[in-house]
Amino acid sequence: MKELSIGLVINPIAGVGAALAWKGTDDIQKAWKAIDDGMPQPIWNIVSRALTSIPKNISINWILASNYPIDLPQENKIILSNFQKYTNSETTHQLVKELTNHDLDLILFAGGDGTASDVAKFSKQIPIMGIPSGVKIYSPCFLHKPEDLGSFLQNWEGETYNEDLLDLDLNNVSKNIDLTQITTSALIPITQKKQLGKISWSNNDTHTHRLIAERISEDKLLENSTILIGPGSTMKTIFEHLGHETTLLGVDIIQNNEIIIKDANFKDILGVTITGIWVSPIGNQGHVFGRGNRQIPASTINQLPNSQILIFSTLEKIRNTQFLYVDTGDPELDKKLQGYFPIITGYHEEIMRKIL
């Protein structure tokens, strides 16, 4: 039987901003107010999905930063402090410091890019791995999806490497520029279950974007339809050629070739009958759903046949993205989406990629 000692720290507000179409959950007071006003905390379901994937032939000595409301074997659990509801970065720093006083094989955390940086600052000698729970999730220290935790722990032999962590450069968002910035570095496990870091590709391939726009126009794909347009510079530039100003980091809804909702949130999308979803994978990572577009309800995706989900990319971007991934929040939907999808890369030009 494999034995591991794992420290666990959870950011209870992680992902709260996703359904509300926030670009992150960095405004802590705003997030806690939303929770107090009745906004659900997605973190507990996400962590539960991860923990239930762990096979029984792994014996884990858990060192919990707090007595979180989750199910773990009581006999293998040590709790370091009482759960504090209104946590912040300083709280996380203190909890991680306490975890590093123990002989751990790994610090497992649940959160987003901000949480990753908070954990990494005080865990330089212990490798870290993230259960993806935030809005953006650009750093290369996260599992592809929560259900990958069990397989990762089963097969990981302790190999690690140092890697830079990333987060959205908020100074450039107001300029409609989607760039990441390095926040810190961390010791990260070597495993195929871990996502790569986001790479921002050059958006100067005007010729390709124009050709894709021509195809959309000539095939009248925006007529008699209600399309949900995903975020990213690829989609934004394509629609600029179509005469529309879409949201760089948000989700828009276009009905009969007119934008009816900009920067739509979860409730906005549920209030409209969507006939198609158009997205672009995150550069280098390959995530189609679950990174930067978590406001898209799994039920909306599930009601559409795969043929009504169109994926767009430049050749430069997709050549460096050999596989695609989804993390919709619904494991059964993730399975439904597995398989080959055509990626539109030009004027009636496509390349196939597999969603794993």
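Tutor: Here are some questions and answers on this predicted model.

Student: What makes the protein chain as compact as a globular protein of its length?
Tutor: First, the chain has 13 helices and 16 strands. Its radius of gyration is 20 Å, close to the 21 Å that the globule rule gives for 356 residues, so it counts as compact as a globular protein of that length. Along the principal axes, the C-alpha trace spans about 65 × 40 × 35 Å.

Student: How many of the residues are buried, and what is the accessible surface made of?
Tutor: Buried residues make up 56% of the 356 residues. The accessible surface comes to about 15,200 Å², and 47% of that belongs to carbon and sulfur atoms.

Student: Which share of the contacts joins residues at least 24 apart in sequence?
Tutor: That share is 67%, taken among contacts between residues at least 6 apart.

Student: And where do the charges lie on average?
Tutor: There are 31 positive and 40 negative charges, and their mean positions are 1 Å apart.

Student: Why is Ser139 called buried?
Tutor: Buried means under 20% relative accessible area. Ser139 has 0%, so it is buried. This serine is found in the loop between strand 5 (128-132) and helix 6 (149-155). Leaving aside neighbours within four places in sequence, Ser139 is in contact with Asp113, Leu165, Leu166, Gln195, Leu196, Gly197 and Gln285.

Student: Is Leu64 buried or exposed, and how do you know?
Tutor: The relative accessible area of Leu64 is 1%. The cut-off for buried is under 20%, so Leu64 is buried. Leu64 is found in strand 2 (residues 58-64). Beyond its neighbours within four places in sequence, Leu64 has contacts that include Leu8, Ile70, Leu72 and Leu99.

Student: How far is Leu64 from Ile10, in sequence and in space?
Tutor: Leu64 and Ile10 are 54 residues apart in sequence and 9.1 Å apart in space, C-alpha to C-alpha.

Student: How far apart are Glu214 and Lys85?
Tutor: In sequence they are 129 residues apart, and in space 52 Å, again C-alpha to C-alpha. Glu214 has its place in helix 8 (residues 206-218).

Student: What makes strand 8 and strand 9 a pair?
Tutor: Two strands pair if there are at least two bridges between them. Strand 8 (residues 226-229) and strand 9 (residues 252-255) have 4 bridges, in the antiparallel sense. Within this pairing, Ile227 stands opposite Ile254 in strand 9.

Student: Why are Asn256 and Asn257 called partly exposed?
Tutor: Their relative accessibility is 44% for Asn256 and 35% for Asn257. Both values fall between the 20% and 50% cut-offs, so each residue counts as partly exposed.

Student: Which residues of helix 9 are buried, and what covers them?
Tutor: In helix 9 (residues 233-241), the buried residues are Thr234, Met235, Lys236, Thr237, Ile238 and Phe239. Their cover includes helix 8, strand 8, strand 9 and strand 11 (276-279). After helix 9 comes Gly243, with a positive phi near 85°.

Student: What do the buried residues of helix 4 pack against?
Tutor: They pack against strand 1 (2-10), strand 2, strand 4 (106-111) and helix 5 (113-120). The buried residues of helix 4 (residues 89-99) are Thr91, Thr92, His93, Leu95, Val96 and Leu99.

Definitions and conventions:
Residues are numbered from 1 along each chain as its sequence is written. This is a predicted model: local features need pLDDT of at least 70, side-chain atom pairs count only at pLDDT 80 or more; totals for chains, interfaces and linings use all residues. Side-chain values use heavy atoms; hydrogens and water are left out. Helices (H or I, at least four residues) and strands (E, at least two) are DSSP runs, numbered from the N terminus. The radius of gyration is taken over C-alpha atoms; the globule rule is 2.2 Å times the number of residues to the power 0.38. Buried means under 20% relative accessible area, exposed over 50%, partly exposed in between (1.4 Å probe, protein chains only). Contact means heavy atoms within 4.5 Å. Accessible areas come from the Shrake-Rupley method with a 1.4 Å probe; for residues, only the protein chains shown count as cover. Lys and Arg count as positive and Asp and Glu as negative; His and the chain ends are not counted. The place of a charge is taken as NZ of Lys, CZ of Arg, CG of Asp or CD of Glu.
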